[in-house]
Amino acid sequence: MEEIDVPPFFLCPISLEIMKDPVTVSTGITYDRESIEKWLFSGKNNTCPVTKQVLSADSDLTPNHTLRRLIQAWCTLNASNGVERIPTPKIPINKIQIVKLLNDAKSPQLQMKCIGKLRALAAESDANKRCIVSAGAVEFLASIVSKANFTTFEEESDKGLESRSASSEALSILHYLQVSEAGLKKLVGKNSEFVGCLVRVLQRGNYESRAYAVMLLSSMLQVADPTQLMALKPEFFVEAVQVLQDHISHQATKATLKLLTEVCPWGRNKVKAVEAGAVSILTELLLASSEKRACEMILTVLDQLCGCAEGRAELLKHAAGMAIVSKKILRVSHVASERAVKILYSISKFSATPSVLQEMSQLGVVAKLCLVLQVDCGSRTKEKTRDILRLHARAWKNSPCIPTNLLSSYP
């Protein structure tokens, strides 16, 4: 192969290898399909690599059949020199075929067939996923979920069970399609009706449906407007906390923690989450968790919830609340230590009754804070630690938990 003179226009401008499935973009340049799709979609670029011209989001990749046949003929002529013939590529699905598939799905049985076909196509390639999205499948799948929530989740008939299964399948495909930011915003909508539908899935669905629903909610609410986040109802937080309590799956737990991180800073969401029992459940999760990322996320949410009086009161009410937060300092990561110290700072600044200060001393919290000052754990963490110790210098100065070598430099 190295001694054969390959015609330069047979080579993909990106991979510099013979093209197996040449496609032409709107600028007139031809690339191998795999290479240009990777450039445009995996690399998230929006320009033609050769001309640097911007390509529209809905621009098609047009198969260059003439060039493909020339390449195949050339490979055949050079077979004696070790060149393998390139097989004719499978014709990719197109938007018209997907639209027809969606339009034909009139009955529940046809809808299930359609959903199965969409799942199979989406599993084949990222190009198929984009084609499915551009054909309007996201709206189709969302409508199936919405109808199931309103009409059949409470029914036990065969029809209800079939519709429930369709809803679960539709949710799973919506998750795997990796809908774009614009698509997610469209799903959220002006009145957040689909958010309400997903909350009802969390209330009535099976474990699988609930897992997909909370993962989709996590993606949707990352792009939602602040006004929509502030309008979330108490039942949203009740169901989110229930997902954490039920330990549906590792993915669902992480998605819920991410979800709470996104929504808790807005409006009265902290209080709503606390009233839903979030602090107690998060504390229990922290007691059982040893994974770095999970601990960081739990502490981040607890830090947000301790920004309100109700959150601090709930953490103090839990027998292991302060102890487990303190224990995670210096044991997980710099991020976890910073979040844990911020939680203790909120308590010591706004909820430091004499009994709380005594408990912090007895539990070894003060000793841990003193240790923080002696190790490398980040300047912000040390600054917050010093602030805590300065706030209650009188209460803790004579405490036996403070190392004698620190007494001279104690704030």
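Here is a short exchange about this predicted model.

Me: Where does Gln-228 lie, and what is Gln-228 in contact with beyond its neighbours within four places in sequence?
Reply: Gln-228 sits in helix α11, residues 226-230. Leaving those neighbours aside, Gln-228 is in contact with Val-188, Gly-189, Lys-190 and Ser-192.

Me: What makes the approach of Gly-189 to the side chain of Gln-228 close enough for the polar contact distance?
Reply: The backbone oxygen of Gly-189 lies 2.4 Å from a polar atom of that side chain. The cut-off is 3.5 Å, so the distance falls within it.

Me: How do you know how the protein compares with a compact globule of 411 residues?
Reply: Good one. Such a globule would have a radius of gyration near 22 Å, but the protein has 29 Å. The C-alpha atoms fill a box of roughly 90 × 65 × 35 Å along the principal axes.

Me: Which helix gives the most to the lining of the second largest pocket?
Reply: That is α10, with five residues. Helices α7 (158-176), α10 (207-222) and α13 (250-263) each supply at least two. The pocket has a volume of about 350 Å³; of its 16 lining residues, the closest to the centre are His-175, Met-215, Ser-218, Ser-219 and Gln-222. By class, the lining has seven nonpolar, six polar and three charged residues.

Terms used: Residues numbered from 1 in each chain as written. Predicted model: local features only at pLDDT ≥ 70, side-chain atom pairs only at ≥ 80, totals over all residues. Heavy atoms only, no water. 1 Å grid on protein atoms, 1.4 Å probe; cavity = no way out; pocket = protein on both sides within 12 Å on 5 of 7 lines; lining within 4 Å. Points joined across faces, edges and corners; volume = space filled by probe spheres on them. Nonpolar A, V, L, I, M, F, W, Y, C, P; charged D, E, K, R; others polar. Polar contact = N/O pair within 3.5 Å; in protein donor to acceptor, adjacent residues only side chain to side chain. Contact = heavy atoms within 4.5 Å. Rg over C-alpha atoms; globule rule 2.2 N^0.38 Å.
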